[in-house]
Structures are given as structure tokens and as C-alpha cells.
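Take a look at the model below. The text after it moves from one side-chain contact to the whole chain, and then to a few single residues.

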Amino acid sequence: MMAKPNGKIQFKNLQSHGVLADPDFPKRTWKLLKTAMRQIHQQNASNLSFEELYRNGYNMVLQKHGDLLYNNLKKMVDKHLKAVAKTVSESIDEKFLLELNSSWINHKTSMLMIRDILMYMDRNYVKQNNLSSVFDLGLYLFRDNVAHCSTIKDRLLNTLLSMVQKEREGEVIDRILIKNIVQMLIDLGVNSKNVYIEDFEKPLLLKTSSHYQAQSQTLIQTCSCPDYMKKVEICLKEELERVSHYLDSSSEPKLKEVCEKQLISNHMRTLIDMENSGLISMLKDDKIEDLKRMYNLFSRVSDGLNLMKDVISSYVKEIGRGIVMDEEKTKESGTYFQSLLDLKDKYDNLLQNALYNDKQFIHSIQQAFEYFINLNPKSPEYISLFIDEKLKKGLKGVSEEEVDIILDKILMLFRLIQEKDVFEKYYKQHLAKRLLLGRSISDDAERNMIAKLKTECGYQFTSKLEGMFTDMRLSQDTMSGFKTYIQNLKKALPIDLNVHVLTTGFWPTQNTANCNLPREILLCCEAFKSYYLSNHNGRLLLWQTNMGTAEIKANFPSKSHELQVSSYQMVILLLFNDQSKLTFKEIADQTGIPTIDLKRNLLALTNPKNKILDRELPSTTSSTTTTTTTATSSSTSTSPSSSSSSISTPTPSKSIDESDVFAFNTKFKSKLFRVKVMAVVQKETPVEEKETRDKVDEDRKHQIEASIVRIMKARKTLEHSNLVSEVIKQLQSRFVPNPVIVKKRIESLIEREYLERSKQDRKIYNYMA
Amino acid sequence: EEIIELINQRNNCLNNSNKIKNDETNRIDYFYTHKFVLSARSPVFMKMLSCQMMESNSVIITSHFPRSIFYILLKFLYSGKVEMNATNVLEVLAIADYYQLEDLKDFCGKYSLQTCIDGELDICRVLYASEQYGLEKIKQL
């Protein structure tokens, strides 16, 4: 009869006869159940009555025959499974797994039925006696009798392993079958995965390990580094797929580890060092994809990235060192710096595209840059020179955003410089030149740079630089005031005078090597002086004649020209208004220009390109009239240091000799009306360089002392090493002080009784108010 | 309420479909019920009706319990209510145990204890039954 569609079922109610106290009852009942279970095992259960079997099982347990039932069941299943094991082990190779699988499936179905029939026993007898439930019992029995049967266990393992191996070699295998068998092993562990792990996973891992060990050996000998990595990627992907296809997910990390160890960890060094295709050559050739692949692979294993990082970092150091120490490149600040910037760009690009901006890598590459930039003591100067060049001419026709980008890049390198105070010195000098000679192209760009420095190093760092800008602005106001003042006096001056009033301390100070200015200029200067002092009482004006520029009109026999010269050159040229021929000594005496500067300027004037003066050849002519003079002034001056960059035209060997005689070159010819006499360009001489150094060192002394006093004032007492480390910390943003020097400063402060050594412990200092 | 009514209607059916076998003592009664109700309430019925044996293919399943007791069980399965007295409480307990209805077993246990206190039931019988059917709470008392 079929069940009716509405799901109703009929119920037949048989009157119970009550439970019989029959002595034969257990035996008889078990016999009945046993017959039924046989039928179940033969997959022939459809004619059995669940109700009847359940009732019998129920009555057995109710009448305390649970143990008999349980043990008999165990014996019966045991016997049955032994027969199953025999059939399975007798099956031929191809059918072996199939046979095992089908007997497993049958066993499972049978056990589920038996469990259902005996569910009352499971709930009561089994629970009370802490036995394994009927189904679990079935699993244990299957494990012991079938899966661990001596004729099956090893054969099963070998079959499975050889199938995996076949798949690794590219053959197609029955994944579903393996999956089922693997699932069987997992199930047989009951509540753990022990059976799966012991019987299959461990041997599989061993096998995998040896497989990839062998494979990686052959691969690494035949493939280049990128090829090897590509193959490894494929292998790893395949293994992961294997897990998802037929292994337990808990095996994934273990399998991965084994593969990664064999394929990556064991060969990292070889891969990195591989000639012509290893890490170094990837870096050289910008192989972004390969580097990315390497990063991905190496990030899987411990220490992989560290190794990669170290190699990259030392390579960068080496390359950077090459640039920094390269005599050729260091000669030209522009190319020197450009190559550093290019290097930086290259590695930034690398970090972003191949290394996922990994913090570790960013840090180590930065450290490498820091290392080699500071190797060359001239780096701070070169940075400043580079900026100087950019701001003078390098940024023409470039949009504001691009300027910003360039400046940011420069700043990135600047950040790595330890001796920021040295940079400041040079920057100040260069900025002064730009401002005074009007060389800067864009005021905005200048201010932008200052603002960036300010955010980078703080207010202190830029306050003087900003002061320079203020001076420039104030000077403009002063000059317009001066002009109205002159007009009001109704007394025209012979020349236009333009003065920049510079505050001492803000500007790189120069020694006031005063020269004897011509009369007409002196007149103007006096006029300005009296105007300025009337407005600003009590100030002292000093003329910085070495920083000025002038435009003079020169009437040559052929043509008249306008000459753009420095103040010194103007003074020299004006002498030739009165005399046509002068010896070096005469010039020196009449002008009072220091010998070194005089030589430089004469060199510029006798330069074959613009030969305004002739050496030794006597000649006459022409009058000159000064038009504009720019003189600079400041109120004090200490030690000089001047360096300038820009186009240096190498003069043909000849240097000015003190016995030389100079004359006005009447044959001077030029296509241009305005002739610019090349500025006196000279690299910082070693002496000057040393002076700058000394000055920086002197400054540092004061800064270290100030820092010590600040710290001690706050702490009152402090241990020596703590004090030193705090001082270093405080000054880090400007330079890195040498502990030995710090110690000297401390001693000096003790001598001057700012500090004293503690009486209990010589290593502790006390602050003396 | 609706469920109770349903059962009342079924009662008519039940009465109409009673059958008597030729053997005088083996009178057969038929109840019409729903598979899913039985399965949902009793694990034994659930297995019985889903297990690939005779019952899952058939529309008739049998029970050896007396008609009156089985009727109480059915009513309980459908409505969650149970009508008992001192005379049949232990029989209801037996059927509850057979079909593994733990809540009904607990209730029977409490009820039988109450009837003992009222003096309507022999305490020894109650104890024997609770021992047999594994009513731990009553045994402890």
C-alpha cells in the first residue's frame, strides 16, 4: 500500500499481553533481532517491521538484558566485518578502492538502521554504562576490522598516495572516490581526526615533502629565478586546490607549510643570489612583476621577507654609495642630486608597485638612503645647491603642482640628512644670493620651500630665513620712501641707488672688506644713510660692497654697450675713465679691494668671451657712466663664507699675476647691446669650506650647551649616559651630536660652574642654580 | 482549540473504523493520524516512519498498547494535554517511555507521586515503575 498524498497514516492498535516473564525470552528475542540484522546487512530491510524490532530491543533493555544485547551485537557486527574485510582485500587493484568504498557505504547504512532499532538501548543502557553508542561502535569495529586490517591498511595508503602522485604528474584521477575514502578515514576517527591524520595525512605530508624536494632541485638547476617562481606559484595553487577537492580542510595549513618549506624556504638564498635573474638583477632591470611575485612567495615563509629586505637594503646602500662617492658625479651638484632623486623615485615606485608599501621595506630602504647620503659630508651643501639651481632656473615653465612635487621629493631626501644645521648654513647663503641678485624666479616657490622646511624642522629652523624675506620687503618700502625724499629735496642724484637693508644675524654675514667707492656713488650712499638714520635712529649701517651689482654704460669706439657687472667690477672699470692703463698694484691701491676678490674680478673682465679689459696691451678710449648701483649693507659682520654655483666658465689657465698691466679693450665687440659680465664664480675653496665647518662646529657647541642646560634645569640631577642620550634626542632634528663632544661640553659647563658632579656618584650631575 | 476539535472529528472516524478480528481477544482498532505530527513529537515515530523498513513504505503501523491508553497518547501528541487518573497513570508512563516522550514521562512521574500522597496509589508500585523507566527524580525522593 502506498502512503496517501495527504500524509495520513492508519494506526493499528494491538492489545498488549503485557510483558512475559519467560526465561527463554532474551535468547529468543536476540535470535529474532539477529536474523533481522542479517537481513539489514544484506541490504534487504524493507520487509522488516521497525515496530516489532524496536519493541524487542525495548523489552530486552527494560528487562535488564541490555548487556547481552550490546555484547551480542558487537560480536555479530565484528564477525560480519571480518567477512567484509576478506572480500575487500581479495579485490583486484583497480577495484580495491571502489570495493572498500561501497562496503563502507553499506556498513554505514546498516549501522544507521541498527542504531534506529536499538535507539532505546542507546538512550538508556549505553548512557548509563558509559559505552560507545551503537553507531560509534560500528565505526570502531570497521576501523579495527577493515581499515586497519593488515591486508588493507598499507594497500589503502599506497593506493591513495599513488593517486595523488599521479595527479601531481598531470593525470586525471577519480577525485570523488578519493574524497569519499578520505571522508571515511575522517569519520572513523569518531570525534577526532586521529585516524585520518595517522593513516593518511602524515604519510601524505612526508611524500609531498620528498616530492617537492626532488622537483625543486631539478627546477632550480634548470630555471631562471622568475621562471622558478612562476612554477612554484602554480604548484602551490594546485596543492590548495587538492585540499579543496578531496582533503580535509584542516590539512591545508600543514600541506602549505610543507610545500612552502621545500619550494621556497630551502631555496630562498639560491633564488636571491641567482646570477642574471636573481633579486639584484630584478632590481637593476626594474622587473616589477617578478619582484612582486617574489614578495608574495617570500611573505609566505618566515624570514623570507627579512632576507629579501636585507638584500635590497644592502644593494641600495651599495648603489647609493657608488653615487655618493663617485668623483665625477659629486663634482656637479645637479647631476649628483638628480641621480639620487632618480634612485629614490625608482625605489618608491618599487615599494608601491611590487612590495605593497610594506612598512618594513619602506623603513629599510629609507635607512639605506640615510646611510649613504650621510656618507658624503657634502650632501647638505648639495641639497641646498640643487634647490638653488631649481629655484633659479630649473623651474621655468613648470606648473605650480609640479614645483610642489619636485620640492617634496627634495625634502624627502633632506629628511634623511643628519646634519641639518649644515644645510641651513648653505641654504641661507644660497637664498641670500638669490634674493639680493634677484635670481629667484618665483617668490611663491621660495615661500613654498620655506613653508615645507618649517613643517619639517619647526619654527626655529626657518625663523631667520623668513626674516630675510621680511628684510627684502622692508627694503622695498624704504627705497620708495627714499625716492620721494630725494624728489622733495629737489636734488637729483647722479645715479639710481637701490639699497637692501639686511638685519644682522638673519643673513650669512660677510667680512666688510670695504673698497673705495667712487665719489659719485659715495654721494648717493651718504644721502641714503642720512635718510635711513633719520627714520631709524641709533642704527649702524655697514656697506657690503662685495654683494652689490651695477649696470654701467660703456662707450666703445665701435658701439656703446650696457654692461652688467658686480660692484667691485664697476669700481675697477670706473678707474679707466681717468687712466687708460693701470698696473695690478695701482688698481689694488686705488680701489682697496682685497687681493683675492680683485683677482677674481679681473679674471672675469679679461675673460676671452667678454674681453672688456686687455692685459698688458696698452690702449685708450671712451668714457663710462654708471647708471645703477646696488649696494648692500648690514650693521655688523664676523667671518665670511661665500660660495656660488651657476655657470662657471673656465678661464684658459692664465691666472692674474700681480705684475700684470691692464688696459681698456677698444676692440671689444659684442652682438648684444647688454653685456652680462659673468659673475665671479668660484667653488668654495678648501679654506672656506673649513671655515664653514668650523663655524658649524662652533654653533653646535652652543646648541649642545644650551640643550644640556635646558635639560638639567628641568631635571636638577641626572646620570651621565641619560643626559647624553637626552641631548642627542633633543638635537636630532638638526644634527646628530657626537657623544664625545657632548661630554666635552658637559665638562666645560662644570668648569664654568653651571653643573657639578654629585659627591656620592661621579657619574651623576647636579644643576647649579 | 482547533486541534482538539480535529481530534473530536477523528473520534467519529475512529468509532466508525473499528474492526474486530475473528479472535475474540484480538480486537483491532484503527486510528487515523498524521505522519508529521507523530514524527515531530516522538523520536521513535520519526525513526519508524523514516527508516527504510516496512513502516516507512506502509500506511499502517501497529502498536501493542491498549486502545484507551493509546488514545490518551494520541491526544497528548496532538494537543499537549493529557487526561489521567490514578488507575491509568502508570500505563501512560509506560507508553511515554516506549515512545520516548520525556516531558510526558516527567509529568506522569509528578502526577503519580501526587496520587501517592493522596493515598490513591501504592508507593511501591510507583517506585517500581520509576526504577523500571528510569525516572531519576522520583527515585531520589
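Start with a pair of side chains. In this predicted model, the side chain of E705(A) makes a polar contact with the side chain of R745(A), at 2.6 Å. E705(A) sits in helix 28 of chain A, which covers residues 686-715. Is E705(A) buried or exposed? Its relative accessibility is 11%, so E705(A) counts as buried, the cut-off being under 20%. Leaving out residues up to four places away in sequence, E705(A) touches R745(A), S748(A), L749(A) and R752(A).

Now step back to the whole chain. Chain A has 769 residues, and 47% of them are buried. It holds 30 helices and twelve strands. The accessible surface of chain A is about 38,300 Å². Carbon and sulfur atoms account for 51% of that surface.

P203(A) has 18% relative accessibility, so it counts as buried. Which residues does P203(A) contact, leaving aside its neighbours within four places in sequence? They are L157(A), L161(A), I197(A) and E198(A). One of these, L161(A), is 42 residues from P203(A) along the chain. The C-alpha atoms of P203(A) and L161(A) are separated by 8.2 Å.

Most residues other than glycine have a negative phi. K64(A) is not a glycine, yet its phi is positive, about 65 degrees. K64(A) lies in the loop between helix 2 (50-62) and helix 3 (66-90) of chain A. Its relative accessible area is 55%, so K64(A) is exposed, the cut-off being over 50%.

K716(A) also has a positive phi, near 70 degrees, and is a residue other than glycine. Where does K716(A) lie? It is in the loop between helix 28 and strand 10 (717-719) of chain A. Helix 28 is the helix that holds E705(A). K716(A) has a relative accessible area of 47%, so it is partly exposed.

Conventions
Residues numbered from 1 in each chain as written. Chains lettered and ligands numbered in written order. Predicted model: local features only at pLDDT ≥ 70, side-chain atom pairs only at ≥ 80, totals over all residues. Heavy atoms only, no water. Helix = DSSP H or I, 4+ residues; strand = E, 2+ residues; numbered from the N terminus. Buried < 20%, exposed > 50% of the residue type's maximum accessible area, 1.4 Å probe, protein only. Polar contact = N/O pair within 3.5 Å; in protein donor to acceptor, adjacent residues only side chain to side chain. Contact = heavy atoms within 4.5 Å. Areas by Shrake-Rupley, 256 points an atom, 1.4 Å probe, with all protein chains shown as cover.
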